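Please look over the sequence and the structure shown here before reading on. The notes that follow are grouped by topic, so that each point can be checked against the picture.

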Amino acid sequence: MGKAKTKKKIRWKNYLPYYLLALPGIIYMICNNYLPMFGIVIAFKNLNFRKGILGSDWCGFDNFKFLFASKDALTITRNTLLYNVAFIILTTVLAVAVAILVNEIRSRVASKLYQSLILLPYLMSWVIVSYLAYALLSGETGMINNGIFRAFGLEPVSWYNTPKYWPFILTFVHLWKAVGYAMIIYYSSIVGISPDYYEAATLDGASKWQQIKFITLPLLKSTMITMLVLQVGRIFYSDFGLFYQIPMNSGTLYSVTRTIDVYVYNALMKSSDYGMSSAASVYQSIVGFVMIIAVNALIRKTSKENALF
Amino acid sequence: MRERKVKESTVWQIAAHTVMVIGSLLAVLPFVLLIIASFTDNQTALVNGYSFFPEKWSLEAYAYIAREWVTIGRAYIMTIVVTAVGTILSLVITSTFAFAVSNDKLPGHKILMFMSIFTMLFNGGIVASYYVYSNVFHVKDTIWALIVPSLLMSPFNVVLVKNYFQSSISPSILEAAQIDGASVFQIFCKIVIPLSVPILATIGLMTAIAYWNDWTNGLYFLTERNGSDLYTIQLVLNKMNENINFLSNNSELASKAASLPSTTMRMAIAVVGVLPMMVAYPFFQKYFVKGITLGGVKE
């Protein structure tokens, strides 16, 4: 008994340095992630800065009632979900197609060059991308109105004030920035497929198209499912940069550009409305959490090896 | 038969090259337009719009940047300082934490790992983070606002580094060092870190890019009145956007628009912001691709 005790003491002493090494990370997670989790109570309070979070009065679900009584709740939920669905489908299809084509190209130099160039947009911040979009779309100086449309005798369009074009613009800009990233991931999976399969298929007289259909695509399925799970799990989150910077936070476009993240930003920073913004952000994190757990449970049932946890 | 094969593969080559050339042009041409726009004469831009072949070229926008170098240069220095400090701190915190949880014998290593993974699944939301950072830690209008919130330690990087430690550093080396009397800190600094340069370089690059490109922390935590001295180049660009937007929505203030940088000047500042990335890209491209593929592979 006494021996076991001393043994245990020595053990803890040996492990102390490891805990010390982990400490900065633990402190950071507490400050950055776990303390804010308690901040969820803000959504159930009538926040008063003089009283602080704990001293402020409870207001139950009033903030949520206000949020869901306004038509904003429906718009931002619809925008967030629909854009994400469109993005997930289109990015996957395009990225897989581009990855297969890159893999077909025999010249190594050309293949590397194409990959680098198509990946370039992914490297840029949304602020920079908004300047690129502005150079094309701006009413007075944009190239589309003043160059292309004028040359074809078309009427100029006031892009930043016309909502109907924005679902397409935002989808295009998203694809422009994201396809390179997804393509790299699919390409690295394709490169990992054993060449034996293709050699055997060629000997059997299979065409390129048949090889893609019966070898490449089935072997990409696992990577595709993993990517899909990751994206569907985040379907309640939108890319704030895309929806805030590219439309330049233009009020006339809100009906088609405002997602949950943009709404939270504007309610918090522009109107200092803690009630509405915290209700929306808690709504997002709770439904988002349920989504990722549900998607993972579903995928565990159908193809266990692709589950995240 | 063979002839058909040759023909088929030529068709594929031509099709693949055609699609990829179009894709590459789509990716690159907007940047070319941005650069040409910055060299366009302002009056020409206002009359004809931006174009790949402007009637009149001008260096006026860059002369403006040279005159305003106090502001833009300071933003540059801020960007570099934030990127350097952020990346180094991030590497230290991530690798020490990953080293501790990579030790299977450490009591509680599973709890610590779960603590890290759980942050990927659930969070308190933007408003709660904003409240905690501004009213509990008071980072508003300090340089820490640009370094600490959300970017410092990514659970994803923790997993990558931990897996690397476990798969690439043989436990026998660590045991041998321990028997020789090396302390845990010595083992970490003298053995583990030198053996992990590839993974640390990869996640360091991805972290540095994230800091260089970040503008959301500044958007939330730097106020125009007290924090504009701390603006990075991304935040200067963002602020110009906001000002233009504000003026175009409030036409009675249009007279003020004259004091703002002209349209080609703004393009020139964007070029200055994007240039370092473009110049460095060919050199770090290989590691950038590696960082992406590592991130895409499930553990």
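Two residues are said to be in contact if their C-beta atoms, placed from the backbone, lie within 7 Å. With that cut-off, 68% of the contacts in chain A between residues at least 6 apart in sequence join residues at least 24 apart. The model is a predicted one, and the points below should be read with that in mind.

**Chain A as a whole**

- Chain A contains 14 helices and 2 strands, and its radius of gyration is 26 Å, well over the 19 Å that the globule rule gives for 309 residues, so chain A is more spread out than a compact globule.
- Taken along the principal axes, the box filled by the C-alpha atoms of chain A is roughly 75 × 70 × 35 Å.
- Of the 309 residues in chain A, 40% count as buried.

**Where chain A touches chain B**

- The contact between the chains draws 74 residues from chain A and 81 residues from chain B.
- On the side of chain A that touches chain B, the most is given by helix H1 of chain A (residues 2–38), which supplies 16 residues.

**Helix pairs in chain A**

- Two packed helices are described by the angle between their axes and by the distance between the axes.
- Helix H4 (residues 72–104) and helix H8 (residues 166–191) of chain A pack at an angle of about 45° with their axes 7 Å apart, and H4(A) and H8(A) are therefore oblique to each other.
- H4(A) passes H8(A) in a right-handed crossing, and the residues of the contact of H4(A) with H8(A) include 21 nonpolar and 5 polar, with no charged.
- H8(A) also packs with helix H10 (residues 208–233) of chain A, here at an angle of about 135° and with the axes 10 Å apart, which makes H8(A) oblique to H10(A).
- The crossing of H8(A) and H10(A) is right-handed, and its contact is made by A:Ala182, A:Ile185, A:Tyr186, A:Ser189 and A:Ile190 from H8(A) together with A:Thr216, A:Leu220, A:Thr223 and A:Met227 from H10(A).
- The residues of the contact of H8(A) with H10(A) divide into 6 nonpolar and 3 polar, with no charged.

**Helix H13 of chain A**

- Helix H13 of chain A (residues 260–270) is mostly covered, since 8 of its 11 residues are buried, and among them are A:Ile260, A:Asp261, A:Tyr263 and A:Leu268.
- The buried residues of H13(A) pack against H4, H11 and helix H14 (274–302) of chain A, together with H6 of chain B.
- After H13(A) comes A:Ser272, whose phi is positive, near 50°.

**Positive phi in two loops**

- A:Met248, in the loop between helix H11 (240–245) and helix H12 (254–257) of chain A, has a phi near 55°, a positive value in a residue other than glycine.
- A:Met248 is partly exposed, with 19 other C-beta atoms within 10 Å.
- In chain B, the loop between helix H6 (126–136) and helix H7 (144–147) holds B:His138, whose phi is near 50°, again a positive value in a residue other than glycine.
- B:His138 counts as exposed, because the number of its C-beta neighbours inside 10 Å is 11.

Technical notes
Residues are numbered from 1 along each chain as its sequence is written. Chains are lettered from A and ligands numbered from 1 in the order in which they are written. This is a predicted model: local features need pLDDT of at least 70, side-chain atom pairs count only at pLDDT 80 or more; totals for chains, interfaces and linings use all residues. Helices (H or I, at least four residues) and strands (E, at least two) are DSSP runs, numbered from the N terminus. Axes are lines fitted to C-alpha atoms, for helices over the stretch in contact, and angles run from 0 to 180 degrees between N-to-C directions. Angles under 35 degrees count as roughly parallel, over 145 as roughly antiparallel, 65 to 115 as roughly perpendicular and the rest as oblique. A crossing is left-handed if the near helix is turned anticlockwise from the far one by less than a right angle, and right-handed if clockwise. Ala, Val, Leu, Ile, Met, Phe, Trp, Tyr, Cys and Pro count as nonpolar, Asp, Glu, Lys and Arg as charged, and the others, Gly among them, as polar. The radius of gyration is taken over C-alpha atoms; the globule rule is 2.2 Å times the number of residues to the power 0.38. A residue is buried if 20 or more other C-beta atoms lie within 10 Å of its own, exposed if 12 or fewer, and partly exposed in between; C-beta atoms are placed from the backbone.
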